Amino acid sequence: MGDETFVEYILGETDWSKKLEIMYYLKKRTGIYYDNSVIFKALITKMFLDYLKQYYPDLQIDENIVITARLLCDCMKVENSTNIEEIKNYAKRGAEYLAKLGFDERFCKICEGVNRYTIKENRTIEMDILELADQFGGMLLDRPERIGFEPEEAIVLLQYRNLKDKENKMLNLFIEFVHYAQNIEV
């Protein structure tokens with residue numbers, strides 16, 4: 001790592017797999033929250049950004065910032081918490097932690113915006129992307145209390161329950177992306 005800071009190190013790394021490796025070692029050293037759900041949601045984010053780059057190249061989104069934010073925004077999450085205050089404040093606590101590591105205010109706000117508990121208005125596109133990947137990815141995963149939803153069912157819940165009466169600037173493009181991704185033959 002040399003003389004560079006952790007912030008410079010992780011933001012300077014643009015290779016996806018190396019960024020995941022950095023996160024793995026950060027978890028080992030600090031105990032931050034980082035598990036397969038974080039990787040899964042980051043992969044959804046990366047695929048969505050790749051889709052946007054291909055079909056909407058005029059959108060000005062810094063892919064590296066968004067991917068890094070998606071990997072770090074859950075850093076203070078508590079696994080399987082039932083404490084509503086803990087759930088409502090993990091993103092804010094995470095943003096404060098990231099600020100102590102040296103991330104700038106804009107990056108920390110993007111991370112805090114992964115949910116709407118503390119930032120409800122003046123949301124950026126980056127926050128909206130994190131929110132979509134977080135909620136959609138979370139619905140696809142099995143939980144102790146339920147099995148994961150099918151993608152189409154998750155989209156309906158996202159659109160008509162979770163984000164009902166909320167403005168998410170990227171929702172329609174995300175729905176388009178999910179439909180596109182479901183039609184890709186592997």
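Predicted model: local features only at pLDDT ≥ 70, side-chain atom pairs only at ≥ 80, totals over all residues.
Trainee: Which residues of helix α8 are buried, and which helices do they pack against?

Mentor: Helix α8 runs over residues 151–162, and its buried residues are Ala-154, Ile-155, Leu-157 and Leu-158. Seen down the axis of α8, these buried residues fall within an arc of 165 degrees, so they line one face of the helix. An α-helix has 3.6 residues a turn, so residues three or four places apart point the same way. The partners against which the buried residues of α8 pack are α7 (125–140) and α9 (171–182).

Trainee: What covers the buried residues of α9?

Mentor: In α9 the buried residues are Leu-171, Leu-173, Phe-174, Ile-175, Phe-177 and Val-178. The elements that cover them include α7, α8 and α3 (36–55).

Trainee: How many Å apart are the end C-alpha atoms of α9, and what span should its 12 residues have?

Mentor: Because the expected span is 1.5 Å times one less than the number of residues, the 12 residues of α9 should span 16 Å.

Trainee: Which residues are linked with Asp-128 in a network of salt bridges?

Mentor: Asp-128 is buried, with a relative accessible area of 0%, and it forms a salt bridge with Arg-123, the closest N and O atoms being 3.1 Å apart. Asp-128 also forms a salt bridge with Lys-169, where the closest N and O atoms are 3.8 Å apart; this pair links distant parts of the chain, with Lys-169 in the loop between α8 and α9 and Asp-128 in helix α7, 41 residues apart. Lys-169, at 41% relative accessibility, counts as partly exposed. The structure holds 14 salt bridges, and the residues linked with Asp-128 in the network are Arg-116, Arg-123, Glu-131 and Lys-169.

Trainee: Where is Asn-168 found, and with which side chain does its own side chain make a polar contact?

Mentor: Asn-168 is found in the loop between α8 and α9, and at 8% relative accessibility it counts as buried. Residues that Asn-168 touches, beyond those up to four places away in sequence, are Arg-116, Asp-128, Glu-131, Leu-132 and Leu-163. The side chain of Asn-168 reaches the backbone nitrogen of Met-170 at 2.9 Å. At 2.7 Å, the side chain of Asn-168 makes a polar contact with the side chain of Glu-131.

Trainee: What separation do the C-alpha atoms of Ile-61 and Ile-125 have?

Mentor: Ile-61 lies in the loop between α3 and α4 (63–72), and, not counting residues up to four places away in sequence, it touches Leu-49, Leu-52, Val-66, Ile-125, Ile-129 and Met-170. Although Ile-61 and Ile-125 are 64 residues apart along the chain, their C-alpha atoms are separated by 8.0 Å.

Definitions and conventions:
Residues numbered from 1 in each chain as written. Heavy atoms only, no water. Buried < 20%, exposed > 50% of the residue type's maximum accessible area, 1.4 Å probe, protein only. Helix = DSSP H or I, 4+ residues; strand = E, 2+ residues; numbered from the N terminus. Arc of directions from axis to C-beta. Contact = heavy atoms within 4.5 Å. Salt bridge = Lys/Arg side-chain N within 4 Å of Asp/Glu carboxyl O. Polar contact = N/O pair within 3.5 Å; in protein donor to acceptor, adjacent residues only side chain to side chain.
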